[in-house]
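This report looks at one strand and its neighbours, then at a set of salt bridges. The model is a predicted one.

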Amino acid sequence: MKRFFLHTTFIILTLISISAKAQNKIGVTNLQCEMLSNPEGIDVVQPRLSWQINANVSDVKQTAYQIIVSSTLENLNANKGDLWDTGKVQSNASVNIIYNGKRLENRQNAFWKVILWTNKGEIQSVDKAHFSMGIMNYADWKSTRWIGYEKASAGDSISQYSKLSARYLRKEINLKKQVKSAKVYIMGMGLYELYINGNKIGDQVLAPVPTDYTKNVKYNVFDVTSQLKEGKNMLGTILGNGRFFTMRQDFKPYKIKTFGYPKMALQLYVEYTDGTKEVIRTDDTWKVTTNGPILSNNEYDGEEYDARKELKNWNTTNFDDKNWFQAEYVQEPGGFYEAQMTPNMKIMGEVKPISFKQTPKGTYILDMGQNMVGWLQLKVKGKSGDKVTLKFAESLQADGSLYIENLRDARTTDVYTLKGEGEEIWEPTFVFHGFRFVEVSGFPTKPTLDNFVGKVVYDDIKTTGTFESSDAVMNQIFKNAYWGISGNYKGMPIDCPQRNERQPWLGDRTTGAYGESFLFDNQTLYAKWLDDIKNAQTADGGIPDVAPAFWRYYGDNVTWPGTYITVAEMLYQQFGDKKVIEKHYPSMKKWVVYMEQNYLVKDLMTKDKYGDWCVPPESLELIHSKDSARTTNGELIASAFYYHLLQKMKKFATINGNNSDDIQYYDSLSERVKTAFNVKFFNASKNNYANNTVTANLLPLAFGMVPENLQSKVFENIVHEVEVTYNGHISTGVIGTQFLMRTLSEYGRPDLSYKLASNDTYPSWGYMAKNGATTIWELWNGNTADPKMNSQNHVMLLGDLLIWYYENIAGIKSNPETPGFKQIIMKPDFETGLTFVNASYESIHGTIKSNWKKTKNNLQWNITIPANTSAIVYLPSTKVSAVTLDNKNLDKTAVSYKVENNKLVLTLPSGSYVLNVK
């Protein structure tokens, strides 16, 4: 008996030891509120909380959680959840847990942590997370006045080429007690920089994110406790123009929207150590001047800065502002005040120039080596009054000078006038440029590469994806896509960063947003953009082609406005964001009904606007194809896409759970559309649609409109067109390319998808790269088809390429049944011609890795599955004896598997594995 007791005790102690070792390798990380890290000033009354589990051991499953939310850090440390304590909740959910505690009040601070139970034991977050509430009600901005200066100054121009000097505002305050905490709430239109006692607050640039300011205005919140002291303090702001005082004034007012002169409203909320509080607000005691160094700031045309006019110490208490004006009370913008729930832009990197060449006229051409978006910082010495001019462009002419025709009327020029005080370092404040090349003129000495640094600017979001393969062309395309996507993130997804456009066109992101989500954590950016689209919807239901509607393009069609629906689905699929569907469903349905009532004739959608935009022309010299055999019928496109969107709306109605009438409506309408579509467009004798373009056949096949017994016949026509008619090259435009790569792979021709992806002859993505592109062009033949019409940094032609990279080649796909990568489908197409692929993606549950390499006799596949998830893994064999898992025969492991469609299908828990298939 004694021996049995000792033996049992040994086993228990051993198990405890093993469990303790496991716990040392498991942690809770990346605590987020509304998918933001420690956000200040949110306005979501029931915010969603999320976390990740990091583990260096396999098969980690969360079984329960406890969230503790406290009003003070002291309470949290004592595990006192005076705001919310969930208790132990039996659940494996770790994403978007909705706060359900005490009502969160204005300016409420909340500190939180999570305790988890897993199948390996209990763990808790080491880091304490924090969020604070913003100003929740419009009325709480009472007595906070909008101030500004609503006049043009000497040198300003209210014309097509608008020129307006920056507004400098300051206010001295006296804090009579010791400060315990302080926060600033600021709305600075169109752009602002904030200073306290001479120090810039925050590392953001070009803030806040742009909106239609008549619909909504975003405020930013900063904790400035460490910047304030008892006694005198100075608040200072600079206001730039941004999209508020728009780039083209007094020009095409029927198209271009403008909002007025720059203005701001600000609150400084101070809590003293004795418990008393004070709110300092913008009013007419603030002082303002336009007589500062920023003479002009125009997103299209550039920034002019005269360092001789710098206002030394203007943002400190040591400054005499007797020559400044009293700030004026001005009208508010008109939009509702909202917390900004997506990050501002930031300097996200630097690019060093690679070469300098002098031109015959004595200027210099600087080559950054990369088409980038941001600006140039310069270092210069010279005399007071010397003027350095920087002109930006994407490419050069044959003689080595800048090519600027594709910029249209955007002047893209920064001017810096020296003050003559030793080495001067300058970069612009309120503009950005899309450029690879810079013409430098007026430099007082012979410049060197060390005089310049490129600053890369885009939204402060994480890079989540990596990809490399055995194909150099595909790798370069991926790099080009990365630079193009990031550069066009400007608080909204814009089409291009260089010419006089830079608009958030919906059609560029219909499927593109999905592919982008593998490279960047773009959830909050696109959630904000859905709000922009909703706010741009007309009272009768119409949705514009551009949102925010800085350009008024309300023309009605299906493929551009339909982005409203496809982006919402992307956010649900990739991030598990159900909230966007619940929030936007009524507006989406309103648009669906609007289109039916206005344009559905005999069950076909008759309104199309853009066709299959930017089909590769038959000639390298053409901008748009003139060959009718390449043009897809607009009614076919509109009707197929409308059917496609109806299927998504049915899915949304199902997710919302209480829309049986709506489901019946979508079912009935989509069935009518499908029937009418096949009657009108299907050619039974040829088994193709309309004029047999790839897009004409592809859309109904991809959308499930083709009768099952005819699908293989229709697909054969697609293959024939790609392989024979177009000699293994792409022939689709913006619409068809959104479904091309995946459909070819899913119907058994991944090799053909690979050929399209790896081509470097016209038309192809590789052709762009081969001809010097370091981003993605607007036109397939952008170097030859009247280059003045070609933006050299556009992402709309990517289609579903990046989705195909990750889902079909790397095998990283979220199971639609478990959105947000709770379960991963890992089913690469190994038979493409590639010999290796190495990809990773940081999902909301953690990092997924897929690294496979093929030799003549073996496939080795290293995969990583995040903790608290699982994966369905497909292997290209039916022989169990041919497979090893971590050097063990598959049938000797505890892994479950089956044979399905000539593949071995494994279900793997979290962990890192090495699979070999002979």
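How many of the six residues of strand β13 (residues 191-196) are buried? Six of the six are, so β13 is largely enclosed by the rest of the structure. Leu191, Glu193 and Tyr195 point one way from the strand, while Tyr192, Leu194 and Ile196 point the other way, and all are buried.

**Pairing of β13**

Strand β13 pairs with strand β17 (residues 231-240); the two run antiparallel and are joined by six bridges. Together β13 and β14 form a hairpin with two residues between them. Asn197, in the turn, has a positive phi of about 50 degrees.

Glu193, one of the buried residues of β13, forms a salt bridge with Lys200, with 3.9 Å between the closest N and O atoms. The relative accessible area of Glu193 is 10%, which is under the 20% limit for buried. Lys200 has a relative accessible area of 32% and is therefore partly exposed.

**Other salt bridges**

The count for the model comes to 53 salt bridges.

| Salt bridge | N to O distance |
|---|---|
| Glu193 and Lys200 | 3.9 Å |
| Glu310 and Lys419 | 2.8 Å |
| Asp627 and Arg630 | 3.5 Å |

The side chains of Glu310 and Lys419 meet in a salt bridge at 2.8 Å. Glu310 lies in the loop between β22 (302-306) and β23 (325-326), and Lys419 in the loop between β32 (413-417) and β33 (424-426), so the pair ties together parts that are 109 residues apart in sequence. Glu310 is partly exposed, at 32% relative accessible area. Lys419 is also partly exposed, with a value of 26%.

Technical notes: Residues numbered from 1 in each chain as written. Predicted model: local features only at pLDDT ≥ 70, side-chain atom pairs only at ≥ 80, totals over all residues. Heavy atoms only, no water. Salt bridge = Lys/Arg side-chain N within 4 Å of Asp/Glu carboxyl O. Buried < 20%, exposed > 50% of the residue type's maximum accessible area, 1.4 Å probe, protein only. Helix = DSSP H or I, 4+ residues; strand = E, 2+ residues; numbered from the N terminus. Pairing = 2+ DSSP bridges.
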